[in-house]
Amino acid sequence: MKLRNTLLAASAVMAMLAGGVQAKTLVYCSEGSPEGFDPAPYTAGTTFDASSRTIYSRLVEFAPGTTNLVPGLAESWTISDDGLEYTFKLRPGVKFQTTDYFTPTRDLNADDVIFSFDRQGNKDNPFNQYVPGVSYEYYTGMGLDSMIKSIEKVDDLTVKFTLNAPNAPFLADLGMDFASIVSKEYADKLMAEGKAADFNNQPIGTGPFQFVAYQKDAVIRYKANPDYFGTKPHIDDLVFAITTDAAVRAQKLRANECQIMPYPAPADIDGLKADPNLTMMEQPGLNVAYLAYNTQVAPFDDVRVRKALNMAINKQAIIDAVFQGTGIVAKNPIPPTMWSYNDAIKDDPYDPEAAKQMLADAGVTDLHMKIWAMPVQRPYMPNARRTAELMQADLAKIGVTADIVSYEWGEYLKKSTDVNRDGAVILGWTGDNGDPDNFMNVLLSCNGIGGSNRAQWCDKDFQALLDKAAATSDVAERTKLYEQAQVIFKEQAPWLTIDHSTVFMPMSNKVTGYVMSPLGSHDFSNVDITE
């Protein structure tokens, strides 16, 4: 009855939106609600799909279906011979979106670019804390606050970034969601009116779609941006129908109440593939799921305890029960499809007896801990609750009591950054730019503690290897350094590495032009739908 009521309510919303409108509309059954519409403070793909990939643009972009960089808001760029200066020539005539809450008086210029980054790294910028307590996990976790020496306006359409040291991933970093370019004019207007928080609720960008309305936890509406500097979208209206249950998403797709859905339940994949009205795209995910211990809180500050817990958990059983053939066991913090993957690493064996002995050697008895289980499906984790239950049962066999906790997705992400957090958190990652730095430096660096580094782990030898790898553009040398870093990671075990998954995208046969991204994002700017 609950499922039927959910479907009826969703149908009513869609009917209301579509009533009397002849425009070409695409409905995407999103798996969760965005935390906000300003991409800079967040790291979740759910939020980026609803904000940066629809509403905003970046200096450089990733060509569809690849990790290759192409011009975005910058039509060209040059890099100095010493690797310290990056100069970008901006496209002339780029318009910010006009809405019922903002009308721009000028085109995009260098001031907007400088503001977009300065607000994240400069605590004196009035917009650094436009919402009290806001943090910029990517910017600080990747060390851009110390990496960037200055950002200068050469002229209205030229911006120069100067770095303190060469950094090989820097250009690719600028194609990431946190680097979306926002309007300084709009921010200044809101600040002057005492409405700064609206920056996160009523977004303005230069992207292919512009924001229309958001009904919390239900639906987001967009329309094609008539002033978009790129190729105008084929669809007139884009609707995100927020549908957290994978089974309901699949039913809505079959009923043509939405035309694309992400993250089907593994048990539904064969049925969706067999449906003659649907197409199923799939590809190996550039992803990893993990259980992050809080290495700053006893007893998880003892590597023997972390290793013991790793050996107590049967990862293959999790893959068999939860992924049902759509994932493989992970042993490294980066996926095997990524360059520098160290296949020589030996995984922690499943050995409950050895785990018991290691806990005893560490002097740990009657351990009572929490396992945090995500409330949403992600490409790397179709069912975190079930995964946590399997972990709970395995840990009980070695005398460890585990309680499973969860929170609303935005709250989960925020609470899990707490350096005093209890227990271990199930999370994961899909690469943002195709570089190993984007996994290891974002998720495991000393800079990421209290933010994207959920293990709160800082190892000086590991960090030194990451820093050295970022400072050279020699891919062979970088590969060796990242391979060595993976050895330290495995020895110190800040995580239980869980899986790397295959990503599936079912959609209506009426949909054309959709391209799966290796970076896990969902881009509808080139999508069309036949009537």
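Two strands are taken to pair if DSSP finds at least two bridges between them; strands (E, at least two residues) and helices (H or I, at least four) are DSSP runs numbered from the N terminus. The model is predicted, so local features need pLDDT of at least 70 and side-chain atom pairs pLDDT 80 or more, while totals for chains, interfaces and linings use all residues. Residues are numbered from 1 along each chain as its sequence is written, and side-chain values use heavy atoms, without hydrogens and water.

Strands β9 (residues 219-224) and β10 (residues 237-241) run antiparallel and are joined by five bridges. Val219 has Ala241 of β10 as its bridge partner. Both strands belong to an open sheet of four strands with mixed pairing, in the order β1-β10-β9-β8. Its edge strands, β1 (25-28) and β8 (209-215), each pair on one side only.

Rings of Phe, Tyr and Trp (its six-membered ring) pair if their centres lie within 6.5 Å; planes under 30 degrees apart count as stacked, over 60 as edge-to-face and the rest as tilted. The whole structure holds 31 such aromatic pairs. The ring centres of Tyr28 and Phe524 are 4.9 Å apart and the planes stand at 55 degrees, so this pair is tilted. Tyr28 lies in β1 and Phe524 in the loop between β18 (511-512) and β19 (528-529), 496 residues apart. Tyr28 is buried, with a relative accessible area of 1% (buried means under 20%, exposed over 50%, partly exposed in between, with a 1.4 Å probe and protein chains only).
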